[in-house]
Amino acid sequence: MKRTLPRALLHWVDQRFPLTRLWNEQWGRYYAPKNLNFWYLFGAFALLTLVIQIVTGIFLVMHYKPDAALAFASVEYIMRDVPWGWLMRYMHSTGASAFFVVVYLHMFRSLMYGSYRRPRELVWIFGCCIFLTLMAEAFMGYLLPWGQMSYWGAQVIVNLFAAIPFIGPDMALLIRGDYVVSDATLNRFFSFHVIAVPLVLIGLITAHLMALHEVGSNNPDGIEIKAHLGADGHPLDGIPSHPYHTTHGLWGTSIFLLCFCAVVFFAPEAGGYFLEHANFVPADPLKTPPHIAPVWYFTPFYSMLRATTDTMVDVLSLIVGASTAVALIKARMGTLAKALLLAAAIVAVVLLRTLDAKFWGVVVMAGSVLILFFLPWLDRATAKSLRYRPAWHRYVYGVFVASFLVLGYFGSKPPSALGNYASQVGTIVYFGFFLTMPWWSRLGRGKAVPERVSYSH
C-alpha cells in the first residue's frame, strides 16, 4: 500500500513516540463491554466539561484582576466590554455546575452497578480524590468574582476550620492569609484555583483512567467480561471502544452540548442557583447578607453542618450507645474485643458530650465525603449490580437519594425549625445508609447473576 504523507508523518512520530500504541491501548483497541448504557456517558461528559472549564478559564484570566479593589470591576468589564466575554463567563459558571451534575450522576451510576467493587477499588478511590479536589477547586473559584455571597461564603467556610481543637485558629489564619477574608485570601485562592489545583485534578484524572483501563470497565450486569476470552484473546462480550463507543459517545455529547448551550444562552443564572443574585453586588465586609448559603452543589454538606446542633449531638450519643449495646449482645466476639468496643463507645460518648457542636458539625460535614472512600469494603452484597440484588434494595437506594436531595434543598434555604428537623433526619439517613450497609446489603435473595452479559440492540 502506498504510504501517503499523513501515514508517513504518523510513522515518523511512532518511531520516536508511542502515539499509535497509546491510542490503541487507552481507546482504539481497548475492549469495553458491549452492553454499556447511557449512564456510562457521564464520565465522558465530565472530561468534556473539564476541557470547557480550562479553555474558558484561560480567556477569563487574560482580563481578570486578582485584587480586592479591582476583582469585581474586572468581572463586570469582562461581561460588558470584552468581546464575547459574557459568553466565556457564562460558559465557565455554567460549566462549574455542569461539572458537579455529571460527577454526581457518574458516582450514582457507580453506586447502582457496583463499579467500586473488586477489582476496581483503586479506580473508585481515585474518583473520590477527584471529587474532593473538584470541591476545593470550586470553592476557591467561587471567591474570585468578589461579590457579596462569594465573600461571606468564604468567610463562613474558612471560619469552620477554627472549630478544630488546638490547630484550628492557626489553620484558618493560614488559609486566609489574614485575620479576615481580604486581598491576601483572594490572591491565595486565585493561585490555587488557576495553577495548583488544576494540575492535581489533571493528574488524578489521568490516574483514574489508567487504573480503569488496567482492570477494565464495569457494566450494568456487574459481570467481568475478561472471564470469557475468545481465540484472539479478546473478551467475547466486549467490543473495541473505537468506533463503537466513540459514535455512542458523540451522540451523547451532542445531546449534552445542546442542554449546556440552552442553559448558557437562556438561563445562565438558573434562577439564582448557578449565579446567586447577591453575587452581582460588590463584596462589603461591613454588610452581612440576610442569608448566607454556598452554591447549590455544596448545600447537602452545608445542610449536615447546620443540622449538627446540641440536640443532634445528644441523638448521636444515644445512637452510639444503642449500637454498642446491640453489638455486645448480638456479635460473636471475645471478651477482649467486647471490652475494647465498650471502651471505644464510652470515649466516643464522652467526646460527643464534651466538645462543641460546631466542631462535630465540621466532623460530620467532612465525614460525609470521607466515608465514600470506604464504600468498596462496606458493600457485602453477593451481586455487584442492583439489577440482580433483592428488589427492596432499590427502595433503600431511593430513600438515600431522596435524603440527599432534601439535604440539598434545605441547605439552600434560610434556617427554620422544619428545615432543621428535615436536615437532621436526612443526615442520619445518609450516614445510616453507609454504616449499616455491611448488614443490609447481605439480606434478601436476589436474582441469579448470568455468566455472560445480557445485551440486545
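How do the residues of the lining of the largest cavity divide into nonpolar, polar and charged? They come as four nonpolar, one polar and two charged. This is a predicted model, where local features need pLDDT of at least 70 and side-chain atom pairs count only at pLDDT 80 or more, while totals for chains, interfaces and linings use all residues. Residues are numbered from 1 along each chain as its sequence is written, and side-chain values use heavy atoms, with hydrogens and water left out.

Let's turn to the aromatic rings. Rings of Phe, Tyr and Trp (its six-membered ring) pair if their centres lie within 6.5 Å; planes under 30 degrees apart count as stacked, over 60 as edge-to-face and the rest as tilted. By this rule there are 37 aromatic pairs. In one of them, Phe-45 and Phe-256 have ring centres 4.8 Å apart and planes at 15°, so they are stacked. Phe-45 belongs to helix H3 (residues 42–61) and Phe-256 to helix H10 (residues 241–266), so this pair ties together parts 211 residues apart in sequence. Helices here are DSSP runs (H or I, at least four residues), numbered from the N terminus.

How exposed are these rings' residues? Buried means under 20% relative accessible area, exposed over 50%, and partly exposed in between, with a 1.4 Å probe and protein chains only. Phe-45 counts as buried at 7%, and Phe-256 is buried at 12%. Another pair, Trp-296 and Tyr-297, has ring centres 5.4 Å apart and planes at 75°, so it is edge-to-face. Here Trp-296 is partly exposed at 22%, whereas Tyr-297 is buried at 4%.

Terms used. Nonpolar A, V, L, I, M, F, W, Y, C, P; charged D, E, K, R; others polar. Helix = DSSP H or I, 4+ residues; strand = E, 2+ residues; numbered from the N terminus.
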